[in-house]
Amino acid sequence: MLLNLLEYHWVEDIDDVLLLMARADAKTVPLAGGTYLLGLEDEDIRAVVDLRDLELAYITEDAKGIHVGAMTTLQMMGDSPLLKELVTGIVARASLASSFSRLIRESATLGGTLAAGVASQADLLTALAVMDAEVVLRSGSKSQVNLSAGTAERPGLALSGVTFKGKQERRVACSAISRERKPNELIIEVVISRPASGCAASFMRIGRTPTDVALLNAAALVEVNGDVYQKVRLALGGVHMEPTRIEAVEKQLEGQPVADPGSANNALNTQRVVDAIQAGMANFSPPGDFRASSGYRRVSGMSLAFRVLEEAANISRWRNMVSSEGRQ
Ligand SMILES: Cc1cc2nc3c(=O)[nH]c(=O)nc-3n(C[C@H](O)[C@H](O)[C@H](O)COP(=O)(O)OP(=O)(O)OC[C@H]3O[C@@H](n4cnc5c(N)ncnc54)[C@H](O)[C@@H]3O)c2cc1C
């Protein structure tokens with residue numbers, strides 16, 4: 001409960017939100033779906049700004065990639081034809097898996113999920129980490145200055161208390177949002193660049209029941225070209241876990257041949273994947289809690305990492321095979 005809430009603002013312009021959030025005299029936070037914020041015990045929050053009229057609920061595509069507005073709900077993302085056909089639908093599937101309650105998915109937004117971070121428990125964060133998705137952040141400022149009268153060469157009128165309104169926009173990686181975002185920055189949208197057509201993705205999760213939060217989840221994005229790993233992305237996450245990109249595994253596989261040289265049927269060299277995981281995840285030490293110990297997550301993480309990499313690599317190889325057969 002926000003016990004000391006005094007003001008509720010309903011605005012139609014992003015600049016108004018930025019000015020309200022930049023106030024130093026009253027802690028003002030954005031209100032999106034409200035599923036997390038309204039249950040928060042934060043006695044410092046004095047005001048909320050409702051974002052629902054900002055027209056930030058959209059999923060579009062242009063040359064820069066797919067743009068998903070901050071007020072897009074998890075359900076809209078799960079239902080979006082654009083996201084469903086994007087690399088085996090990993091973002092759409094992870095959006096739906098993020099909460100098994102349709103009621104929550106219909107309210108919870110992308111912006112709220114990113115800003116809540118680990119507390120959101122959302123599988124979506126792990127999927128966005130492998131898509132190299134970027135968050136567009138905007139902040140505003142208002143400053144009062146006294147202008148002097150200028151010089152003999154450049155005469156001017158002295159004015160006191162002139163108000164300047166400033167605006168800054170920057171992009172940060174989705175996986176770094178909790179570390180990077182400042183309290184006065186509003187999440188505007190997420191941009192996902194479209195990967196090469198041969199890319200494939202895989203997403204898997206472990207929960208106590210199929211409808212429970214994920215004790216652990218894993219996502220992989222793999223592009224195989226000419227039977228060589230061109231691009232590999234691997235991330236692990238789960239409840240109370242910051243999604244972690246496992247770059248050491250990615251680097252070990254990129255540039256390596258996919259198939260086993262001795263294999264008659266050109267099968268995937270699974271030993272190479274196992275070796276990369278064992279070496280690359282040697283320092284992986286996930287947090288433990290009452291649901292799952294660090295050791296359990298570590299061992300299960302290695303097994304999940306193998307399964308998502310294997311699946312994504314196989315789909316990517318199959319896609320390349322089908323598209324090259326189509327060209328013949
Ligand atoms: C009963 C219940 C069950 C839940 N189960 C799940 C679950 O299974 N899985 C799951 O992932 N989550 C779950 N949640 C948590 C919640 O649904 C998520 O954290 C949700 O994604 C938050 O989104 P929202 O739009 O409701 O954000 P809000 O609650 O409106 O806001 C969350 C935070 O983000 C900030 N914020 C919102 N929008 C922006 C923006 N554009 N820019 C900057 N900051 C912003 C707010 O100020 C606030 O600090 C559950 C919540 C409840 C109440």
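Three strands make up an open sheet in the order 1-3-2, with parallel pairing, where two strands pair if DSSP finds at least two bridges between them. Strand 1 (7-10) and strand 2 (27-31) stand at the edges with a single partner strand each, so one side of each is left without a neighbour in the sheet. From one strand to the next the twist averages 25°, with axes taken as lines fitted to C-alpha atoms (for helices over the stretch in contact) and angles running from 0 to 180 degrees between N-to-C directions. This is a predicted model, in which local features need pLDDT of at least 70 and side-chain atom pairs count only at pLDDT 80 or more, while totals for chains, interfaces and linings use all residues. Residues are numbered from 1 along each chain as its sequence is written, and side-chain values use heavy atoms, with hydrogens and water left out. Helices (H or I, at least four residues) and strands (E, at least two) are DSSP runs, numbered from the N terminus.

- Strand 1 and strand 3 (residues 45-50) pair in the parallel sense over four bridges, and His 9 stands opposite Val 49 in strand 3.
- Helix 1 (residues 14-21) packs on this sheet, touching strand 1, strand 2 and strand 3, and its direction makes about 145° with that of strand 2; contact here means heavy atoms within 4.5 Å.
- In helix 1 the buried residues are Ile 14, Val 17, Leu 18, Leu 20 and Met 21, where buried means under 20% relative accessible area, exposed over 50% and partly exposed in between (1.4 Å probe, protein chains only).
- Seen down the axis of helix 1, these buried residues fall within an arc of 165°, so they line one face of the helix; the arc is that of the directions from the helix axis to the C-beta atoms.
- Asp 13 caps the N-terminal end of helix 1, with a side-chain oxygen 2.8 Å from the backbone nitrogen of Asp 15.

- A four-stranded open sheet has the order 9-10-11-12 and antiparallel pairing, and its edge strands, strand 9 and strand 12 (241-245), each pair on one side only.
- Neighbouring strands of this sheet are turned by 10° against each other on average, direction ignored.
- Strand 11 (residues 228-238) and strand 12 run antiparallel and are joined by three bridges, with Ala 235 standing opposite Arg 245 in strand 12.
- Helix 4 (residues 90-98) lies across strand 9 and strand 10 (216-225), running at about 15° to strand 9.
- Ser 202 lies in strand 9 (residues 199-206) and is buried, with a relative accessible area of 0%.
- The side chain of Ser 202 makes a polar contact with the side chain of Glu 311 (2.8 Å); such a contact is a pair of N or O atoms within 3.5 Å, of which, within protein, one must be able to donate a hydrogen and the other to accept it, and residues adjacent in sequence count only if both atoms are side-chain atoms.
- Leaving aside neighbours within four places in sequence, the contacts of Ser 202 include Ile 90, Ala 218, Val 308 and Ala 312.

**Nonpolar cores**

- The largest nonpolar core has 39 residues, and those with the most contacts inside it are Ile 90, Val 91, Leu 114, Leu 128, Val 135, Val 190 and Ile 192; a core is a set of buried Ala, Val, Leu, Ile, Met, Phe, Trp, Tyr and Cys residues joined through side-chain atoms within 4.5 Å.
- Helix 7 (residues 124-130) provides the largest share of this core, six residues.
- Apart from this core lies another, of 28 residues, among them Leu 236, Val 249, Phe 284 and Leu 309.

**Helix 10**

- Val 273, Ala 276, Ile 277 and Gly 280 are buried in helix 10 (residues 270-280), and they cover an arc of only 95° around the axis, which puts them on the same side of helix 10.
- Asn 269 caps the N-terminal end of helix 10, a side-chain oxygen lying 3.2 Å from the backbone nitrogen of Gln 271.

**Positive phi values in loops**

- Thr 88, in the loop between helix 3 (81-84) and helix 4, has a phi near 50°, a positive value in a residue other than glycine, and at 27% relative accessibility Thr 88 counts as partly exposed.
- His 240, in the loop between strand 11 and strand 12, has a positive phi near 60° and counts as partly exposed at 39% relative accessibility.
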